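Reader: Could you walk me through one part of this model in detail, the open sheet and the cavity? I'd like the cut-offs spelled out as you go.

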Amino acid sequence: MRAAIVEAPGKVSVTTVPDPAPGPRDVVVEVASCGLCGTDLHILQGEFAPTLPIVPGHEFAGTVVAAGADVTELTVGDRVAVDPSLPCHECRYCRAGRGNLCDRWRAIGVTDPGGAAEFAVAPVANCVRLPEHIDVRDAALIEPLSCAVRGYDVLSGTLGAQVLIYGSGTMGLMMLELAKRTGAAGVDVLDINAERLATAKQLGCSEAAASARELARADEGWDVVIDATGNAGAIQDGLGRVAKGGTFLQFGVSDYATTAVIEPYRIYNQEITIAGSMAVLHSYERAAALFATGVLDPSVFISDRLPLERYPQAIDRFRAGQGRKIVVEP
């Protein structure tokens, strides 16, 4: 089969690799679409994945074409979206129900061969059957949506909150859509990319700007500030925009070396909460259910559909900040 391969840091190509075979409790999925995200850029830099080469792609959906001997839940022809998480279920964090913090954390497309290929293997337990009205090519959006759902689990949203989101890429826009549906009184969005910011306006944010200084609430601050960029400058600015009693959520994925300065007295005196949200935790099925209700408009979120053979070009386009969600379709 054809697959994208990250061969070494900074080097990605599309080549022929052996067809996958399912284990007893696995299925083989013929991939319909596979999304690109910031994690893929980190893998390309040699981060996250413990060993290279690796077939990337942790946001994917497709059709079951083969099933292991012990699989009874799915049959050939079923259309599924795939949760990439592969916790060990044995470490202290897994036993405590925190599989996203697993000491031996693995994920399809990060540590194990992923969906940037014609076919991918997944445990049957990781597959969610799609309802008939869902286009399987759009269902690659479910995985990033499940990360956004996890983010809102961490926030434990308060009705009537004023929310500020840094970044209007795919994840920032998903956080916007969820904020609107979890009782926010206002949702402001920041981005220096005018095209992406226009999409935030299209989706109905309260205000949109390149800098928080331009927004009406600049002097008051926000109850909830979400960084969806991973950018050091945005994070530093966002930490200073949290109102008294508010929460800052680090949602964007930063480089390992990224740092920010906190003000301990202010955190103490104003009872500010700083929280993080790591990937997916008990949120994939809920994201699939939300997606089925139309919480996201795929025509707005997916800006580019490229053939698998153009995976290197898709990565370049994503790295340059062009478009919104870019998917490859084998």
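Author: Here's a look at the sheet, then the helix across it, then the cavity. Keep in mind that this is a predicted model, where local features need pLDDT of at least 70, side-chain atom pairs count only at pLDDT 80 or more, and totals for chains, interfaces and linings use all residues. Numbering starts from 1 along each chain as its sequence is written, and side-chain values use heavy atoms, with hydrogens and water left out.

The open sheet has 6 strands, paired in parallel and ordered β12-β11-β10-β13-β14-β15. Strands here are DSSP runs of E, at least two residues, and helices are runs of H or I, at least four, numbered from the N terminus; two strands pair if DSSP finds at least two bridges between them. At the edges sit β12 (207-209) and β15 (273-276), each pairing on one side only. On average, neighbouring strands are turned by 15° against each other, direction ignored; axes are lines fitted to C-alpha atoms, for helices over the stretch in contact, with angles from 0 to 180 degrees between N-to-C directions.

Zooming in, β10 (residues 162-166) and β11 (residues 186-190) run parallel and are joined by 5 bridges.

Helix α3 (residues 142-155) lies across β13 (222-227), β14 (242-250) and β15, at about 150° to β14; contact means heavy atoms within 4.5 Å.

As for the lining of the largest cavity, Y152, L155, V163 and V224 are among its residues, and the lining divides into 7 nonpolar, 4 polar and no charged. Ala, Val, Leu, Ile, Met, Phe, Trp, Tyr, Cys and Pro count as nonpolar, Asp, Glu, Lys and Arg as charged, and the others, Gly among them, as polar. A cavity is a set of points on a 1 Å grid over the protein atoms alone where a 1.4 Å probe fits but cannot get out, and lining residues have an atom within 4 Å of a point.

Notes: On a 1 Å grid over the protein atoms alone, a cavity is a set of points where a 1.4 Å probe fits but cannot get out, and a pocket is an open set with protein on both sides within 12 Å along at least five of seven lines; lining residues have an atom within 4 Å of a point.
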